[in-house]
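I would like to walk you through one chain, going from the overall picture to a handful of residues, and I will give the cut-offs as we go.

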Amino acid sequence: MPRLPLRWMLPALPLAFLALVLVAPVLRLLAEGLGDAGLGGTAPWALWQDDHLRWRLLWSFAQATITCALALLLGLPLAWVLARLEFAGRATVLRLLMLPFVVPTLVAALGVLALWGPRGWLGEPLASAGVDLENSPWLLLYGNLFFNLCLVVRAGVDALEQVSAARVAAARTLGATPWRAFWRVEWPAIAPWLASALCLVFLYCFSGFGLALILGGQRYATVEVEIYTLVAYELELGQAGVLAVWMLGLTGAVAVAYAWMEKRLAAPGRTTPVARQRPRGVGQWAAVASALAVLGLVCAAPLLAIAGQALRALLWGQGGAVLLEPETGQALWNTLRFSAMALVLATVLGLTHALAVRALDVAGAARGASSARGALALAWRAAAFLPFVVSPVTVAFGLLLLYPDWTASLGLLVAAYALLAYPFVAKSLTAALDSLPASYAQAAATLGASPWRVFWRVTRPLVSGALRRGMAFAAATALGEFAVSLFLSRPEWTTLTTLIYQRLGRPGAGNLDAALVLACLLMALALLAFAGIEGKKDNRPHA
């Protein structure tokens with residue numbers, strides 16, 4: 001029998017995985033919900049007749065949009081300072097820039113409360129002055145910004161390093177001021193990079209669950225929290241299904257836009273970047289100081305606040321005893337073993353997904369571009385973001401409905417963990433493979449190397465840094481997973497995230513202190529996993 005081409009064999013594993021663990025459960029949940037609703041074809045428009053549901057959807061869209069605007073407003077100047085000015089500690093700042101993104105959402109929420117909550121470092125003085133932040137959207141918006149500002153800054157730095165120094169110098173030679181040279185030369189070059197990052201920011205904010213559950217409150221909770229409430233507490237699967245339909249449509253459109261922009265940025269190229277200079281004058285030094293202050297307030301302050309509050313709970317509060325409880329040891333063991341198993345599966349899925357994207361692109365280029373092949377390659381590139389399009393809550397309940405005999409099984413739990421983690425591996429590897437010239441693999445193949453030998457001897461060494469980065473983000477995601485752990489695990493499978501949530505639900509200062517200590521422990525695990533897997537510093541620009 002004729003052998004299938006490699007480009008059709010590679011996507012088989014991730015395609016089957018997505019079909020069984022994501023697509024089928026979502027369809028099952030929607031069918032169940034819409035069937036119970038009895039609304040037929042008019043069901044998708046039913047929520048606009050309900051003031052409460054309409055507010056949830058509009059607020060979810062608004063808070064994601066506001067976060068994107070704030071991230072761009074703050075992130076672009078920060079990126080310019082880090083890309084154009086050389087100062088002591090710049091490399092360290094860039095290396096630590098992504099740490100907020102790998103902190104688990106539940107830990108980030110507690111960090112925000114430790115800083116701005118009623119007992120927080122800044123929130124307590126404000127509460128004494130009559131400023132109530134708990135009943136405002138500030139906590140959620142600040143939490144979103146804490147998580148996502150680093151994405152925009154990192155994308156801006158990478159984009160500015162791709163701007164041609166010759167073009168900037170030519171504009172200055174022709175009399176353009178620095179401001180005019182930025183808007184006429186640099187901004188058109190970096191705008192696609194920033195738009196791509198903002199698409200990711202929107203997806204994370206619009207479909208986020210943990211931050212909105214803890215920080216949104218009754219008034220400012222998002223659609224994901226509403227879906228969880230409707231299914232878990234009110235058994236309103238019809239309304240939950242309607243909300244899920246709208247969420248899938250909106251986030252799906254953003255994911256396709258992101259994949260299209262990523263493809264536009266995929267063409268490898270070599271430019272001579274603008275050389276960084278030491279700050280000169282009061283204005284540039286003030287810019288550096290302002291950038292570090294903003295990064296400290298938005299990205300570092302919640303981490304320092306939760307560490308400080310946990311230390312206080314250990315030394316003077318009632319939080320130290322939780323570390324010696326058998327329940328904590330069991331939760332720690334469950335967290336580590338579930339995350340390790342999910343990381344192995346996510347790495348295999350991400351690797352095959354990225355190689356399939358590369359194979360489709362190479363085949364399309366070899367046979368001439370066509371609309372059908374281009375659409376297929378774009379669709380498969382966007383498929384890696386399907387786990388971001390569908391909320392973990394929707395996935396968890398869909399799995400419970402579709403596979404009732406496997407409820408609370410280890411395989412189902414690990415598969416759900418891997419589903420949420422493997423897009424990071426796939427995205428990182430896809431970007432790295434896009435940046436590799438096709439001539440490398442072609443030269444090896446011309447010399448008689450098999451596809452496997454080409455991958456192992458040529459491709460793998462060149463993308464190993466990207467693989468480590470993707471695995472680091474995947475490991476941090478698995479360690480901090482909350483929604484899936486909440487719904488798919490057995491009572492004896494309690495993880496650190498569910499144990500923290502249980503402590504937060506109990507009254508008393510002792511339980512709050514215990515939650516802070518556990519959150520600090522989980523944060524340390526996530527940061528250690530990220531630093532250990534990512535390995536030594538990679539000086540090559542991130543794709």
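This is a predicted model: local features need pLDDT of at least 70, side-chain atom pairs count only at pLDDT 80 or more; totals for chains, interfaces and linings use all residues.

Residues are numbered from 1 along each chain as its sequence is written, and side-chain values use heavy atoms, with hydrogens and water left out.

Let us take the whole chain to start with. The chain has 24 helices and zero strands, where helices (H or I, at least four residues) and strands (E, at least two) are DSSP runs numbered from the N terminus. Of its 543 residues, 52% count as buried; by buried I mean under 20% relative accessible area, by exposed over 50%, and by partly exposed anything in between, with a 1.4 Å probe and protein chains only. The chain exposes about 24100 Å², and carbon and sulfur atoms supply 67% of that area, which is computed by the Shrake-Rupley method with a 1.4 Å probe, and for residues only the protein chains shown count as cover. If we take contacts, meaning heavy atoms within 4.5 Å, between residues at least 6 apart in sequence, then 84% of them join residues at least 24 apart.

Now to the charged pairs. How many salt bridges does the structure hold? There are nine, a salt bridge being a side-chain nitrogen of Lys or Arg within 4 Å of a carboxyl oxygen of Asp or Glu. In one of them, the side chains of R84 and E186 meet at 2.6 Å, N to O. This pair links distant parts of the chain, since R84 is in helix α3 (residues 51-84) and E186 in helix α10 (residues 178-206), 102 residues apart. Both R84 and E186 are buried. The C-alpha atom of E186 is also separated by 8.9 Å from that of R167, 19 residues away along the chain. R167 belongs to helix α9 (residues 165-173) and counts as exposed, because its relative accessibility is 54%.

A further salt bridge joins R90 and E161, with 3.7 Å between the closest N and O atoms. Because R90 lies in helix α4 (residues 90-96) and E161 in the loop between α8 (138-160) and α9, the pair ties together parts that are 71 residues apart in sequence. Here, too, R90 and E161 are buried.

D158 is buried at a relative accessible area of 5%, and R154 is buried at 15%. Elsewhere, salt bridges that share partners join E86, R90, E161 and R276 into one network.

F101, found in helix α5 (residues 99-102), counts as buried because its relative accessibility is 14%. Leaving aside neighbours within four places in sequence, F101 is in contact with F147, C150, L151, Y204, F424 and F473. The C-alpha atoms of F101 and N148, 47 residues apart along the chain, are separated by 6.9 Å.

The helix I would point you to is α19 (residues 410-434), which has 25 residues and reaches 36 Å from its first C-alpha to its last, close to the 36 Å expected, where the expected span is 1.5 Å times one less than the number of residues. A kink of about 35 degrees lies at A421, shortly before the proline P423; that bend is the angle between axes fitted to the seven residues ending there and the seven starting there. Helix α19 is mostly covered, with 22 of its 25 residues buried.

Finally, the surface and helix α14. L314 sits in helix α14 (residues 281-315) and counts as partly exposed, because its relative accessibility is 37%. A287 is also in helix α14, and A287 is partly exposed at 27%.
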